[in-house]
Amino acid sequence: MSEALESLLDLLDIERIEENIFRGQSRSAVVPRVFGGQVAAQALVAAGRTVPEDRLAHSLHAYFLRIGDPGAPIVYSVDRIRDGRSFTTRRVVAVQHGQPIFHLSASFQTYEEGMEHQAPMPPAPDPETLPTAAELLPRYAEVLSDPVVVERILEARESVDLRYVDAPPYGTVGEVREPRSQVWFRTNGKLADDPLLHVVLATYVSDMTLLDSILLAHGRGGWVTGDVVGASLDHAMWFHRPFRADEWLLYDQESPSASGGRGLGQARIYTQDGRLAISVIQEGVVRVPR
């Protein structure tokens, strides 16, 4: 396991300070605020630690309320909404400086047999044939002129190996493309077998690129180039089938709409052997600076 992945796991291993209250640390993302995927992942950890181990996360719905301060800890308060025979529901509020910054509802279920069908996996190249972040970023040195931004992107990719199937938004600034993007991802190292851990890592990564497809439709480079100002508004995930976040997952993303200063991204995440593991939807603020 890489040191970066160990550091990420430490970040997500929040501290229990009371029966239903947890505390997590923060760190800056590519932009100088707390990364939304970090808050969502930590909140899911808090919820999961109040649920019996035989109940697996099957969905989450979250709202990002305020920008997080990377210099301050985040307190997570868990409300045990329901403990039924098959389903368990938890509500989590993340607080900084006395104000809620994030709200999550998560549902957990005991395993049971049921009807089976799924959308087929779209075509995608072998992830091993695609460039790593360290290989890709130097190609766009002129666009990514801020060395701090490049450094933070590389830091994020040290724990998670994320590879674009086609050029990222900052690679084709000014070129209007189909509002569709694919990336492969996996953690840079093996993880323990705890199912919650794999769901939490997928939640963390799911906020990294989901709004990319909105940018592609308008020829914008996004937050890393400064030609768009954006932030996540809400985030929803459904976990359909078991998967491992330390094995390759295809993140197939598209944007059906952008209007009113907001854009919608929706996606499916598949295992390398074609099983539909997760569905994701997110809306975000997407504004062109004046």
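This is a short chat about a predicted model.

Colleague: What kind of model is this, predicted or experimental?
Modeller: The model is predicted.

Colleague: Is helix 2 mostly covered or mostly open?
Modeller: Mostly covered: 13 of its 13 residues are buried.

Colleague: What about helix 1 and helix 5, at what angle do they pack?
Modeller: Helix 1 (residues 3-12) and helix 5 (residues 195-209) pack at about 100 degrees, and their axes are 12 Å apart. Helix 1 is therefore roughly perpendicular to helix 5, since 65 to 115 degrees counts as roughly perpendicular.

Colleague: Which residues meet there?
Modeller: From helix 1, Leu-8, Leu-9 and Leu-12; from helix 5, Leu-197, Val-200, Leu-201 and Tyr-204. By type, the residues of that contact are seven nonpolar, no polar and no charged.

Colleague: Switching to the core. How many residues are in the largest nonpolar one, and which have the most contacts inside it?
Modeller: The largest nonpolar core has 67 residues, and Tyr-76, Phe-102 and Ile-278 have the most contacts inside it. Another core lies apart from it, with eight residues, among them Ala-119, Val-165, Trp-184 and Leu-276.

Colleague: And what is Tyr-76 in contact with, leaving aside neighbours within four places in sequence?
Modeller: Its contacts include Ile-14, Phe-22, Val-92 and Val-93. Val-39, Gln-42, Ala-43 and Ala-46 are also among them, and helix 2 spans residues 36-48.

Colleague: New topic, Ser-105. Where is it found?
Modeller: Ser-105 is in strand 6, residues 99-110.

Colleague: Which residues does it contact, beyond four places in sequence?
Modeller: Ser-105 is in contact with Ser-59, Leu-60, His-61, Arg-90 and Arg-91. As for Arg-80, it is 25 residues from Ser-105 in sequence and 10 Å away in space, C-alpha to C-alpha.

Colleague: Last one, Glu-175. Where is its place?
Modeller: Glu-175 is in the loop between strand 7 (160-164) and strand 8 (180-187). Its relative accessible area is 44%, partly exposed.

Colleague: What does Glu-175 touch, not counting residues up to four places away?
Modeller: Leu-216 and Gly-219. Between Glu-175 and Leu-136 there are 18 Å in space, C-alpha to C-alpha, and they are 39 residues apart in sequence.

Note on methods. Residues numbered from 1 in each chain as written. Predicted model: local features only at pLDDT ≥ 70, side-chain atom pairs only at ≥ 80, totals over all residues. Heavy atoms only, no water. Helix = DSSP H or I, 4+ residues; strand = E, 2+ residues; numbered from the N terminus. Expected span 1.5 Å × (residues − 1). Buried < 20%, exposed > 50% of the residue type's maximum accessible area, 1.4 Å probe, protein only. Axes fitted to C-alpha atoms, helices over the stretch in contact; angles between N-to-C directions. Parallel < 35°, antiparallel > 145°, perpendicular 65-115°, else oblique. Contact = heavy atoms within 4.5 Å. Nonpolar A, V, L, I, M, F, W, Y, C, P; charged D, E, K, R; others polar. Core = buried A, V, L, I, M, F, W, Y, C linked by side-chain atoms within 4.5 Å.
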